[in-house]
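Subject: A structure for you to look through

Hi,

Here is the structure I promised to pass on to you. Please open it next to this email, and then follow along with my notes below.

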Amino acid sequence: MEERKLLHSFLAESQKGLPPRRMKDSYIEVLLPLGSEPELREKYLTVQNTVRFGRILEDLDSLGVLICYMHTKIHSVKMSPLSIVTALVDKIDMCKKSLSPEQDIKFSGHVSWVGKTSMEVKMQMFQLHGDEFCPVLDATFVMVARDSENKGPAFVNPLIPESPEEEELFRQGESNKGRRIAFSSVSLLKMAPSAEERTTVHEMFLNTLDPKTISFQSRVLPPNAVWMENSKLKSLEICHPQERNIFNRIFGGFLMRKAYELAWATACSFGGSRAFVVAVDDIMFQKPVEVGSLLFLSSQVCFTQNNYIQVRVHSEVASLQNKEHTTTNVFHFTFMSEKEVPLVFPRTYGESMLYLDGQRHFNSMSVPVTLRKDNFVEP
Ligand SMILES: CCCCCCCCCCCCCCCCCC(=O)SCCNC(=O)CCNC(=O)[C@H](O)C(C)(C)COP(=O)(O)OP(=O)(O)OC[C@H]1O[C@@H](n2cnc3c(N)ncnc32)[C@H](O)[C@@H]1OP(=O)(O)O
């Protein structure tokens, strides 16, 4: 960090002072040679002989950071004065069936939109089938540039779209920002549910009233349903130095992997069969996680429909000395189960809000539901 302090003088005072970049300046392709390097396979292997999705999340996170460094590179300086952190996983949509641990994987990506200090990165992943790399997933992350010591914001180079396709991507980046603001402004933490959502909650409440008693208190579960509070799984991680990034904080990818694996276990145990991830969205990195923290992960099924299970993971940290818990992330994962899953019923008002939030995330999924029958990606 002492060395990084010296890099402050390379930070721009305004965005205008930085040379514009093109999308191709940050474009990169990276090969993960699972097919040709069997010793690498072990790290990615699941017991069902598929590829660990948690490992892919880690790779996407590192790749996103690398892409941002390419966009902001100062050619005359060996080290970047910027600290790039993951602010948001906006969306990951799966678009391919099984991932084989025996075939090469290719990632590609580039910066697709920039604000003043933030950058949207689009990444794709492909897997070799025969002679061809076929698409597996599309991911959109938002990264934020901070100063050399990660203490305050730092400007990033403007981005100049060069073709109608690039202009469209840039416009999409702008509209993604608008969509995120709109989504968060109607958050159930700030506003009451819509009339339709209120009806849903009340109907669910009525469905759980015991017909034998005239009471709001006696609640019974309808057939093939589970109380939301009984769908929880929790875990604790000690954040060892091994998981730290170059800024001495815990890797965003590590946090995602741990949250994803807990979510997957929650979905499997809830559905009673194997679960396959179909979408990840709106993972917000609100606060950095310090090395040495205790990381408490709490996972819960908050919405289900047919074969689909929407899981939310809440992560909090506390230090050994200070027992006060601080929320660092909220993760949203959508899984598909091999068979139809039970309905999940909220018992309290707070749980009803979790249910509606889960339903909103489920409905915001962009991959058509019918596509997902052969979508087999595991932890
Ligand atoms: C096999 C293939 C693999 C390939 C691998 C290749 C490997 C190569 C190696 C590469 C190096 C790897 C290094 C890895 C480093 C990993 C990075 C991490 O882990 S990081 C660890 C995990 N991450 C963390 O620990 C981060 C924790 N979070 C934080 O520190 C803060 O919340 C914050 C800094 C993100 C924002 O702070 P806040 O006070 O809000 O800041 P401001 O108000 O000042 O706004 C600044 C800008 O941010 C925007 N913006 C903000 N939020 C959001 C959002 N949700 N959504 C969207 N945008 C958001 C906001 O709009 C504004 O934009 P603009 O208008 O200026 O353009």
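Let's start with the ligand and its surroundings. Sorted by class, the shell around the ligand is made up of 16 nonpolar, 8 polar and 7 charged residues. Please keep in mind that this is a predicted model.

Which residues are the closest to the ligand? Among the 31 residues that surround it, they are Lys 116, Thr 117, Ser 118, Gly 252 and Phe 285. Two of these names come back when you look at backbone atoms. A backbone N or O atom of Lys 116 sits 2.7 Å from an oxygen atom of the ligand, and a polar backbone atom of Gly 252 is 2.8 Å from a ligand oxygen. For Gln 286, a polar backbone atom lies 3.0 Å from an oxygen atom of the ligand.

On its own, the ligand has 1,400 Å² of accessible area, and the protein covers 72% of that. The elements that each give two or more residues to the shell are strands E1 (28-32), E2 (83-94), E5 (132-146) and E8 (275-285), together with helices H4 (53-71) and H5 (164-185).

Now for the sheet. As a reminder, strands of a sheet pair through backbone hydrogen bonds, either parallel or antiparallel. Here you will find an open sheet of 10 strands with antiparallel pairing, in the order E1-E3-E4-E5-E2-E8-E11-E10-E9-E7. E1 and E7 (233-238) are the edge strands, each pairing on one side only. From one strand to the next, the twist averages 25 degrees.

Is E10 mostly covered or mostly open, and how many of its residues are buried? It is mostly covered, with 9 of its 11 residues buried. One partner of E10 is strand E9 (residues 294-305), and the two pair in the antiparallel sense over 11 bridges. Within this pair, Val 301 stands opposite Val 311 in E10. E9 and E10 form a hairpin with 2 residues between them, and Asn 306 in the turn has a positive phi of about 50 degrees.

E10 also pairs with strand E11 (residues 326-337), in the antiparallel sense over 10 bridges. There, Gln 310 faces Thr 334 in E11. E11 in turn pairs with E8 in the antiparallel sense over 8 bridges, where Phe 276 stands opposite Met 336 in E11.

Best wishes

Methods
Residues numbered from 1 in each chain as written. Predicted model: local features only at pLDDT ≥ 70, side-chain atom pairs only at ≥ 80, totals over all residues. Heavy atoms only, no water. Buried < 20%, exposed > 50% of the residue type's maximum accessible area, 1.4 Å probe, protein only. Helix = DSSP H or I, 4+ residues; strand = E, 2+ residues; numbered from the N terminus. Pairing = 2+ DSSP bridges. Near = heavy atom within 4 Å. Polar contact = N/O pair within 3.5 Å; in protein donor to acceptor, adjacent residues only side chain to side chain. Areas by Shrake-Rupley, 256 points an atom, 1.4 Å probe, with all protein chains shown as cover. Nonpolar A, V, L, I, M, F, W, Y, C, P; charged D, E, K, R; others polar. Axes fitted to C-alpha atoms, helices over the stretch in contact; angles between N-to-C directions.
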